[in-house]
Amino acid sequence: MTAVAAHAGGGLADHIHPEPQGFIRKYVFSIDHKIIGIQYMITAFLFMILGGMLAELIRVQLMKASGGLMTPETYNEVYSVHGSTMVWLVIIPLLTGGFGNLIFPVQIGARDVAFPWLNMLSFWLFPPAGLMLYASFLMGAPTAGWTEYPPMSLNAYGAHDGTSMWAAAIFLIGVSSTMTGINFLVTILKMRAPGMTFTRMPLFVWGQFVTAPLLMIATTALGAALAALFVQRQFGVAFFDPTRGGSPLLWQHMFWFYSHPAVYIMILPAFGMISEILPTFSRKPIFGYKMIAFSSCAIAILGFMVWAHHMFTSGLAPALQLPFMVLTMLIAIPTGVKIFSWVTTLWGGVIHMTTAMLFAIGFLATFTLGGITGVFLAAVPFDLHAHGTYFIVAHLHYVLVGGSLMGILAGLFYWYPKMSGRLMNEKLGKWAFWLFFIGFNGTFLPMHWLGMWGQPRRVAVYDPQFQAWNQVASWFSFVMTAALILVLFNALWSMRNGKRSGPNPWNARTLEWQIPSPMPYYNFKHVPSVFAAPYDFAEPLPYRGLEEELT
Amino acid sequence: MPENRDPVVHLDRQFWIVTAVLGVLALISIFWWVWAPITSIMPEAVDKAQQIDALFRFLAASGTALFIFICGYILYFSLAFRRHAGTPENAVGIQIHDNNKLEFWWTLAPTVFVVIMAIFSLRIWYGIEVAPSNTLVVEAIGHQWYYTFRYPNVNGEVKEMHLPLGQAVTLHVTSSDVIHSFWIPAMRLKADMVPGLINTFEFTPTRQGRYEIICTEFCGLNHGLMHSGTTVNPAYVYIDPPARYASWYARTEREQIHASNAIEAASTSELKLNGGEPRDGAKLFAAKCSACHAAGPFDQKIVGPGLRGVLDDPAHPNLVDGDKATPENVAKILQNGFKGSMGQMPNQAANGLSNKDIVNLVAYLKTLK
C-alpha cells in the first residue's frame, strides 16, 4: 500500500498549474487536454462541412454520364481536396487529437497529457494547415487525387501550382500528428494512475496506445515524401520525374509506407470507441478483452508490412507481390477475432438501444463489409481486375465512413455529455442514424458493381451505361448528407437545450464517468487507484480515492 | 479476469434455430455465387479471366456467407437481448469474459481460410506473371489520352490491337508520358503503364470479339475519356480467328513499311526550318526525346546529354557528330540518327517523326535557353 501511495504522490501532483482565467488562455491557447480535444473536434467538423460539400459536388457532377456541373479540371481539384480533407483534416484529427485528447487521459486517471504545451502546438498547426490546403484553390488546387502520384502531380504534366501548397499543408499536419503520437505514447506509458496496469486499461486507451507509434513512425515517411515532392516541384530536383532519371514508383512506395499505416490510424481508435460503447450498453464485460487488445497490436505491426498491396498493378517485382499479398491476408485474422468478440459481447446482454449504441452496431455491420472486400483486394489476381475502379472507392468508403466515421458519430453521442454536461437529443439522433445508415449504404453499395463492371475512379465523365446506378448513389448521398446535417444540428442545439446528463448518464464504468460533466480542469481532485479492469458490470467500481470527486 | 469466475452458459434452442436459418441463407448465397451468371454480364475473353472469376466466386461466396452470419447474429442479438420496458435500470447481462475454446476456434477458422485463399491466389498469380516461351509479344504504350501498340517486325506504332485466338500472348505495357493503366475488363487483367518501366503479363485469348480497354490510373484532363466510349480514340482489343489475324497483321506490316518509307523519302530532302511551332515541339520532346534527353543543362545526362542551350552553348560549340551546333545540323541528326561510342540515337523513321515534327522540335530546342 505504501508503494502505491509513493507512486501516486509527487510526480503527478507536481504538474498542477493554476487554472487560467482569461478567455485567450482558457479557450484559445489552452494547454488543457480537454479544451484542445474540443478545439480539434470543432475544427475538424468545420472541415468536414467543407469536405462534405466537395463530396456533394462530386455526386452532382456524376448524376450525368457526360458530367456537366464542372469542367474536368475543376472536378479533379474537387475530388483531390475532398480526399485530402477527409483523411487529414477530419478523420485523423477527430480520432486522435479530438476524441483521443478529450477522453484517454481521464481514462488512465491522469490530469493531463505528458506534454501539454506540445499538445497545444500540435493543435495550432492544424487549422493553418487546413487553411493552406483550401488556399491552394486560389492558385489552382491539386488535381491528382489525395495520393498525388507523380508525374501527374508535376506541373509539366498538367498539375497546378497549388500542389506545392498541398504538400506543405499536409507536411504541417504530419508534423502535428507526429507530435501528438509522441505525446500520447509517453502519456500512456508514464502517466497511468496507480494500479492501472496494461490489462486494466480501457480498450479506447489501447486503441490510442497502438495508434501513437503509427503516428510517430509512419508520418515521418510521409513527411520525407512530401518534402521530396516539394523540392522536385519548386527547385527541380528530379526525385520522381522519369524523364530525368527519377522514379514515379519511389513516391508510391513512400506514400503508401505512410498511408497504409494511416488506414489503421483511422480505424484503431474507432475500434477502441466501439469496444467502450458495446459493453456499456450491453451491461456486459467486453468479450475477449485480451484478444481485442492484442489483436490491435498485431494489426498495427502487420500494418507496417503491407503497404505495397496498393501497388499490385504498379509494376512490383513478382517476388515482392507474394509476401505483401500473404501479409495483407494475415490482417484478416486479428480483425476477424475483433469482430467476433464484439458480436459475442452483444449476446446475453441487456441492450440499451441508445443512439450511440445504434451507431456502434451499425459500425459492426458496415465495417465488416468493408473488411471483407479488403480481403478480396489482398488477393492479387482479384486486385488486377478491381484496382483503380469504383470497387476501390466503395471499399475505402466502407472502412472510412462505415467504419471510422460511424465510430466517430457513436463516440460523439456517447461522450457528448463529458464535453457539455448535456445529452444530445436521442429522438433526433435515432432519425439521424437511420437516415445515415440507409443513405450511406445506398451511396456506396452500388459502387461495388459499378467498379466490377468497368467504371474507373477519378473520372469526370463516364460510360453512359453506368448512369442509372450513379444516380442512385447520388440520390442516397443526399440522404446521408441530410443525416450528417441533422447530427451537427443536434450537437449545436443540445449545447443549450439538451437534457442535463449528470456525471454518468450511461452507467458506464471507465474513469471519465466517475467525475462531473463537463469534466473539471484537473479531472481528478485526488488521483484514483485502480484494482481491476473496468467492465465488470455486476461488481462495485474497481477504483479507490474517488469519494470526493462528485462533491 | 480469471475465467473460472464466469458463469457456465448454455445456448438455448432459439439460438440454434437462428443459426440453422443463417446457415441455410449462407448456403443459398454460396450456391448463388457458384452459379452466378457473371459471363453474361462480362464475357471471359482469355484463359486467365476464367481462373480469376473462379477465385472471385470463391471469395464472394465465402465473404457473403461470413457476412450473413455476422449480420444475422448482430440483428438477432440486438433484438433478442434488447432491454425491455420492465427491466430494472440496474439489470446487467450475463457476466462472461472469455471462452478459450471458442476464441481458439474463431482464430483458427480464419487462419485456415486465409491459407486456402493464399494458395488459390498464388496458383493463379503464378500463371499470370510467368510467361511461357514462344508467345506473341505485343507492346502497348499509353499516351495522354490514347493507346498505341507495337508488333514484332512492324514498323512504328499502330492504333489498333489485334490478337489471334488461341495463341499465347505476352503483353508488355509502358507509357510515353504519365502513368496510365491498361485494363481490359473482359480479361480481368490490368497493369499500370509507368514511364520508364515495362510491366508484363501473359494470357491466351479464348473468345473472339471486340473488348474495350480502360485507363484506371488518373492521367489528366481526359482520363475519363480514355476508354472505348470516346469518339476520338476508341480503345479496343480485337480477338480474331488466326486467319483473320494473319491478314490484319500482313496488311498492317505493309502499311507501316509504306508509312516509314514515306518518312525515309522525306528525310533525304532539305528541310525548311522556318515556321516551326515550339509548343508542338515541346509535346513531341516529352513524348519522343525525354526518355533519353533532359530539357536541362548539358551535364544532366540520361542517355544523351541535356539539351538546354544546345544551339547556344559556348562550352559545347559542336554537336556529337563534330558539326557546328546550328539548327540545320540538329535537324540532320534528328533525320539520320546517330551511332557512336557513347550510345545510339534512333533516326527519323525509327522515332516516327514527320518532317513537320522535326521542324517543330528544332523550334522548341531553340527556346531552351
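How many Å separate the centres of domain 1 of chain B and domain 3 of chain B? Taken over C-alpha atoms, the answer is 60 Å.

This is a predicted model, in which local features need pLDDT of at least 70, side-chain atom pairs count only at pLDDT 80 or more, and totals for chains, interfaces and linings use all residues. Residues are numbered from 1 along each chain as its sequence is written, while chains are lettered from A and ligands numbered from 1 in the order in which they are written.

**View 1. The domains of chain B.** Chain B is assigned domain 1 (3-79 + 99-129), domain 2 (136-263) and domain 3 (278-367); such bounds come from an automatic or database domain assignment.

**View 2. Where chain B meets chain A.** Here 77 residues of chain B are in contact with 76 residues of chain A (C-beta atoms, placed from the backbone, within 7 Å). On the chain B side, α3 (47-80), α4 (100-129) and β6 (189-193) each supply at least two residues; helices (H or I, at least four residues) and strands (E, at least two) are DSSP runs, numbered from the N terminus. The largest share, 14 residues, comes from α4(B).

**View 3. Helices α7 and α8 of chain A.** The axes of α7 (residues 203-235) and α8 (residues 248-265) of chain A come within 8 Å and cross at roughly 150° (lines fitted to C-alpha atoms over the stretch in contact, with angles from 0 to 180 degrees between N-to-C directions). α7(A) and α8(A) are therefore roughly antiparallel to each other (angles over 145 degrees). Among the residues making this contact are A:L214 and A:L222 of α7(A), and A:W251 and A:F255 of α8(A).

Key. Contact = placed C-beta atoms within 7 Å. Parallel < 35°, antiparallel > 145°, perpendicular 65-115°, else oblique.
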